[in-house]
Amino acid sequence: MSKTWAASDITSVFGKVAVVTGSTSGLGFAAAKELARHGAHVVLTSKTHEKGSRAVADLKKAVSNASVEFLQLDLSSFGSIRSFVQSFLAKGLSLHILINNAGVFCCPHSKTAEGFEVCKLPCTHTLSACTTLA
Ligand SMILES: NC(=O)c1ccc[n+]([C@@H]2O[C@H](COP(=O)([O-])OP(=O)(O)OC[C@H]3O[C@@H](n4cnc5c(N)ncnc54)[C@H](OP(=O)(O)O)[C@@H]3O)[C@@H](O)[C@H]2O)c1
């Protein structure tokens with residue numbers, strides 16, 4: 001008989017460090033919350049400090065003993081990706097779990113400050129891969 005998976009099936013990730021990109025809403029916030037609930041130190045990311053701080057507060061409200069912090073990251077900017085990586089490395093943390101969740105979908109035609117097309121594809125996934133490789 002098949003069993004439905006639930007977040008309660010997640011095993012302990014105590015002591016692990018998780019970065020979840022695009023974790024201010026939706027799937028990213030849900031993933032960050034469950035990783036925190038199961039013991040991980042979670043680094044939330046967002047394009048803006050305002051949304052990031054709000055997400056940290058919301059997560060702490062949902063998981064009272066959450067170990068969570070925010071780092072600014074705009075995956076449509078290589079400059080921002082480099083700053084994020086430097087800020088993360090400066091903390092001296094290991095990275096155990098990376099969830100490349102951030103993405104945009106069906107947005108109108110536009111270009112980033114660095115001249116890349118913000119296209120209908122989830123292009124931030126592509127740039128986020130660069131984060132991992134940087
Ligand atoms: N929901 C669906 O049905 C569905 C279906 C297929 C694929 N997906 C993919 O699954 C992922 C999550 O979907 P969702 O519905 O949960 O999305 P969502 O609620 O719209 O959240 C998207 C997240 O991506 C972040 N983001 C957007 N542009 C960014 C950028 N340039 N740099 C860094 N972060 C950026 C946003 O953070 P800030 O605005 O705070 O920066 C936000 O937290 C996305 O990649 C989406 O393409 C979703």
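**A guided look**

Modeller: The secondary structure of the chain comes to four helices and six strands; helices (H or I, at least four residues) and strands (E, at least two) are DSSP runs, numbered from the N terminus. Keep in mind that this is a predicted model, where local features need pLDDT of at least 70 and side-chain atom pairs count only at pLDDT 80 or more, while totals for chains, interfaces and linings use all residues. Residues are numbered from 1 along each chain as its sequence is written.

Colleague: What pattern does the chain follow along the sequence?

Modeller: Reading along, you get β-α-β-α-β-α-β-β-β-α.

Colleague: How do I read "buried", and which residues of H1 are buried?

Modeller: A residue is buried if 20 or more other C-beta atoms, placed from the backbone, lie within 10 Å of its own, exposed if 12 or fewer, and partly exposed in between. In H1, that gives Gly28, Ala31, Ala32, Lys33, Leu35 and Ala36. The cover over them includes strands E1 (17-20) and E2 (41-46) and helix H2 (49-62).

Colleague: Why does His41 count as buried?

Modeller: Because His41 has 22 C-beta neighbours inside 10 Å. His41 is found in strand E2. Contact is the next idea: two residues are in contact if their C-beta atoms, placed from the backbone, lie within 7 Å. Leaving aside neighbours within four places in sequence, His41 is in contact with Val17 and Ser67.

Colleague: And what is a nonpolar core?

Modeller: In soluble globular proteins, nonpolar side chains tend to be buried together. Here, a nonpolar core is a set of buried Ala, Val, Leu, Ile, Met, Phe, Trp, Tyr and Cys residues joined through C-beta atoms within 7 Å. The largest one has 17 residues, and Ala32, Ala36, Val42 and Leu44 have the most contacts inside it. H1 gives the largest share of this core, four residues. Beyond four places in sequence, the contacts of Leu44 include Ala32, Val68 and Phe70.

Colleague: Which residues come nearest to the ligand?

Modeller: A residue is near a molecule or strand if its C-beta atom, placed from the backbone, lies within 6 Å of it. Of the 22 residues around the ligand, Gly22, Gly26, Ser46, Lys47 and Gly103 come nearest. Helix H1 (residues 26-37) turns up again, giving the most to this shell with three residues.
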